[in-house]
Amino acid sequence: MRIGLLTEGGYPYVSGEARLWCDRLVRGLGQHEFDIYALSRSERQETQGWIELPPQVSQVRTAPLWTADDDALSGAGPRGGHGRRARRRFAECFGELAAVVCRGDFAGSADPCDEVADRFGNALYGLAELARDEGGLAGALRSETAVRALEGACRAPGALRAARTVRVPDLLAVAGLMERALRPLSLDWYGDDGLGAVDLCHATSGGPAALPGLLAKHFAGVPLLVTEYGVQLRAHYLAAGDTDLSAPARALLASFQGLLAAEVYGRATLVTPGNTHARRWQERCGADRAKLRTVYPGMESGRFSEVGEGGYDDFAADPGTLLWVGRIEPAKDLISLLHAFADVRKEEPKARLRIVGAPAEGPEAAAYLAHCRALAAQLFPDEADGVHDIGDNPVSFEEIGGPEVPELADAYAAGGVVVLSSVVEGFPISLVEAMFCGRATVSTDVGAVVEVIGGTGLVVPARNPRALAEACVALLRDPERCARLGAAARARALELFTVEQNVAAFRGIYLEIVSHCPVRRDAVDEAGEPLPFANPAEAYVPGRWAVAVGPASGAEPGTEAAGVPSWAVDRAAHEDAELKEAAV
């Protein structure tokens, strides 16, 4: 079958989100043909280029979300300008969209009002049809008409209380961000040479990435599958606090994102969250429980196999070492971890803590790392066994790829207990890596941690250094328990979190969706007349045997090369032999 893979800020670019699992999915499903439709988030991402693509990728079409230049959008430039009728249609559709957004009655609700959802959907698809008929809407969505529509909706009776105090700079910012989210409306991806020709659209996230899938379903009836390993709406809520937007602007954008998420979940044929934590968010945002199918992320286990199969005796350089692995940032709460380790040292004076992270990116991450180093130096002055020995700090900060940790597996091999101290977490990748390595873990109860661990590690409340310390001491003092938990964790990870199970799950989901929701396309001849029975039932059978047969194939009739499967050739030969015997 032909799959339209929809991405935002990731695959097929070298940098970005979800690029690894998308690449593994495409490579693992070699029997299908993939068309990639990618939205980029920055100029830097585009200049870094793409990863090497497998042969089953037939075409790649991209569009930027970071530029405000209409001419930079592929196929999004207006064709000859918008006339009076087009401007009136835009004012009506966007005015309706703004009215629903500014009310915000049911945005993000578990039981959205059908009327509100219908009004939002009708306005959204009205804008899409206008863009298809008249050209791109990138300029119109940032125009004075759009800003005035937003202002009028904010001043109307029943509008959000926070939106009533909105100012013109806030409206300009909201209009710009809404245009960026709605930019797929202006793309030329939905014809017979694009998403209109695929059998299934697979969006790798919600939000702008899923919007092309909504339009392909609206214009061509293509079924939509949405996969979210990190819920887009949740990410928007978390990121809103770090912006310079005012409270009215944040309220309007939250309402818009909530309505868009509800529309995506409502129109999707299936939604595949990556864990129960994401599933609860999706249900809260209006997703139908019957459409949800949990598919855990697939991770490469091969590079950890040597450490995991070796166990503690062969690879643990120091069973008294606590190990933390991840990206150093405030959400990981290394401050609580350092204070917890101070309590651990009171009970286990020989314990050590290794903090292994990726190189800090950006000034905020560098400042946080410097703060953690200063706190570690304050809490743990350099120690020495004798007056003539050189002091050594029990806390070390190391980078993956450095001389101490050339490979990620080397870090897990040297640790006795792996610790996760996060206050915010989605799917804990470092915990799964530790489980592949057969290591016992101590984690905070955030995100999908409990679901991933499943009883093979210790879980404590977040922001509780004393509880974290007590759990670490309990495992450091019981190596046999660590070995049992590590073995159980490795078995669980190999069963649930491998690339193979992820690919197998999506293989079955693809076939299920296409079998239940096939795209009905009318076949026509060269004169444009319909061809009856042009699409036989066999065309929907999985596999490659339903290909050209007869003279069109260019092969000798009656052979497998002619497009006839081997079982059909054998059957025909057997029937011919029976007829000859009967004639004799």
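Modeller: Before we start on this predicted model, a word on classes: Ala, Val, Leu, Ile, Met, Phe, Trp, Tyr, Cys and Pro count as nonpolar, Asp, Glu, Lys and Arg as charged, and the others, Gly among them, as polar.

Colleague: Which residues line the largest cavity?

Modeller: Its lining is made up of Gly 206, Gly 207, Glu 228, Gln 232, Leu 233, Gln 257, Ala 261, Val 264 and Tyr 265, and by class that gives four nonpolar, four polar and one charged residues.

Colleague: And which helix gives the largest share of that lining?

Modeller: That is α9, with four residues; α8 (232–240) and α9 (247–267) each supply at least two residues of the lining.

Colleague: Switching to packing, at what angle do α4 and α7 meet?

Modeller: Helix α4 (residues 114–134) packs against helix α7 (residues 211–220) at about 80 degrees, and their axes are 11 Å apart.

Colleague: Roughly parallel or roughly perpendicular, then?

Modeller: Roughly perpendicular, because of that angle between α4 and α7, given that 65 to 115 degrees is the range for that label.

Colleague: Which residues make the contact?

Modeller: From α4 they are Leu 124, Tyr 125, Ala 128, Glu 129 and Arg 132, while α7 brings Leu 211, Leu 214, Leu 215, His 218 and Phe 219. Sorted by class, the contact of α4 with α7 has seven nonpolar, one polar and two charged residues.

Terms used. Residues are numbered from 1 along each chain as its sequence is written. This is a predicted model: local features need pLDDT of at least 70, side-chain atom pairs count only at pLDDT 80 or more; totals for chains, interfaces and linings use all residues. Side-chain values use heavy atoms; hydrogens and water are left out. Axes are lines fitted to C-alpha atoms, for helices over the stretch in contact, and angles run from 0 to 180 degrees between N-to-C directions. Angles under 35 degrees count as roughly parallel, over 145 as roughly antiparallel, 65 to 115 as roughly perpendicular and the rest as oblique. Contact means heavy atoms within 4.5 Å. On a 1 Å grid over the protein atoms alone, a cavity is a set of points where a 1.4 Å probe fits but cannot get out, and a pocket is an open set with protein on both sides within 12 Å along at least five of seven lines; lining residues have an atom within 4 Å of a point.
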